[in-house]
Amino acid sequence: PGEVALHRGIRMTTPGRTLRDIVLTCDRHTAVSVLDSALQRGAVTADRLAALGSANSGRPGAARSRPWWSLADGRAQSSLESRIRLVCRDGGAAPETLQYPVYRADGTLAGRADLAWPSRGVIAEADGRGPHSLPEALYADRRRQNSMVSTPERLVLLRFTWRDLRTPQQIVTQVRDACRMSASEFR
């Protein structure tokens, strides 16, 4: 009874219960993407995740999915960002932070990088096909990119798409190479 809610006259499971069920039935990347989205949208809070994961004990798939709950991060703004973050983490190149603010010389915000390794001078953007393929979005992305890479931090900007996920090792290699190059060249 505590896991059922009434919404506009319709009985449904609570967001927490829905997450518990979904995590048990999908792969790791999808599960973490869904958890990230639930946090991002405020459907659940980070302090509840451990309890939700524990509540699944004894259910089929619970042991397999137990570590995934701790990977959730509500700063991810898309499934693509979540998946690239996991690829980098799995490859030993986990981002230091997400939604990293990049400032111009005058102190105004140039933009926020989806993933960042600020100690290495590297940032990355996850460009989904839908939102980033429209002409106005492409122009805005280019302006923002130029603004972000011409800041006093002298950042290296990498861009990744859904297609890049077909070759996850290339993502990791590009991040590592950029971090090495940036660290030796600019620091």
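Q: How do you know that the span of α5 agrees with its twelve residues?
A: In this predicted model, the twelve residues of α5 should span 16 Å at 1.5 Å a residue, and the end C-alpha atoms of α5 are 16 Å apart, so the two values agree.

Q: What makes α5 largely enclosed by the rest of the structure?
A: Nine of its twelve residues are buried, so α5 is largely enclosed. The buried residues are Leu80, Glu81, Ser82, Arg83, Ile84, Arg85, Leu86, Val87 and Cys88. Just after α5, Gly92 takes a positive phi of about 80 degrees.

Q: Why is Cys88 called buried?
A: A residue is buried when its relative accessible area is under 20%. Cys88 has a relative accessible area of 0%, and therefore Cys88 is buried.

Q: Why does Cys26 count as buried?
A: The limit is again under 20%. Cys26 has 14% relative accessibility, so Cys26 counts as buried.

Q: How do you know that Cys88 is in no disulfide?
A: A disulfide requires two cysteine sulfur atoms within 2.5 Å. The nearest cysteine sulfur to Cys88 is that of Cys179, and it is 8.9 Å away. A search of the whole structure likewise finds zero disulfides.

Q: How do you know that the span of helix α2 agrees with its 14 residues?
A: Helix α2 covers residues 28-41, and at 1.5 Å a residue it should span 20 Å; its end C-alpha atoms are 20 Å apart, which means that the span agrees.

Q: What makes Asp27 a cap of α2?
A: A side-chain oxygen of Asp27 lies 3.0 Å from the backbone nitrogen of His29, at the N-terminal end of α2. The cut-off for a polar contact is 3.5 Å. Just after α2, Gly42 takes a positive phi of about 80 degrees.

Q: Which elements do the buried residues of α2 pack against?
A: They pack against α1 (15-25), α3 (46-55) and α5. Among the buried residues of α2 are Val32, Leu35 and Leu39.

Q: Which residues have the most contacts inside the largest nonpolar core?
A: This core has 20 residues, and those with the most contacts inside it are Ile84, Trp117, Val122, Leu158, Phe160, Ile171 and Val175. At least two residues each come from α5 (79-90), β4 (109-117), β5 (122-126), β6 (156-160) and α8 (168-186). With five residues, α8 gives the most to this core.

Q: What does Val175 touch, not counting residues up to four places away in sequence?
A: Val175 touches Cys88, Ala93, Trp117, Leu158 and Phe160.

Technical notes:
Residues numbered from 1 in each chain as written. Predicted model: local features only at pLDDT ≥ 70, side-chain atom pairs only at ≥ 80, totals over all residues. Heavy atoms only, no water. Core = buried A, V, L, I, M, F, W, Y, C linked by side-chain atoms within 4.5 Å. Buried < 20%, exposed > 50% of the residue type's maximum accessible area, 1.4 Å probe, protein only. Helix = DSSP H or I, 4+ residues; strand = E, 2+ residues; numbered from the N terminus. Contact = heavy atoms within 4.5 Å. Expected span 1.5 Å × (residues − 1). Polar contact = N/O pair within 3.5 Å; in protein donor to acceptor, adjacent residues only side chain to side chain.
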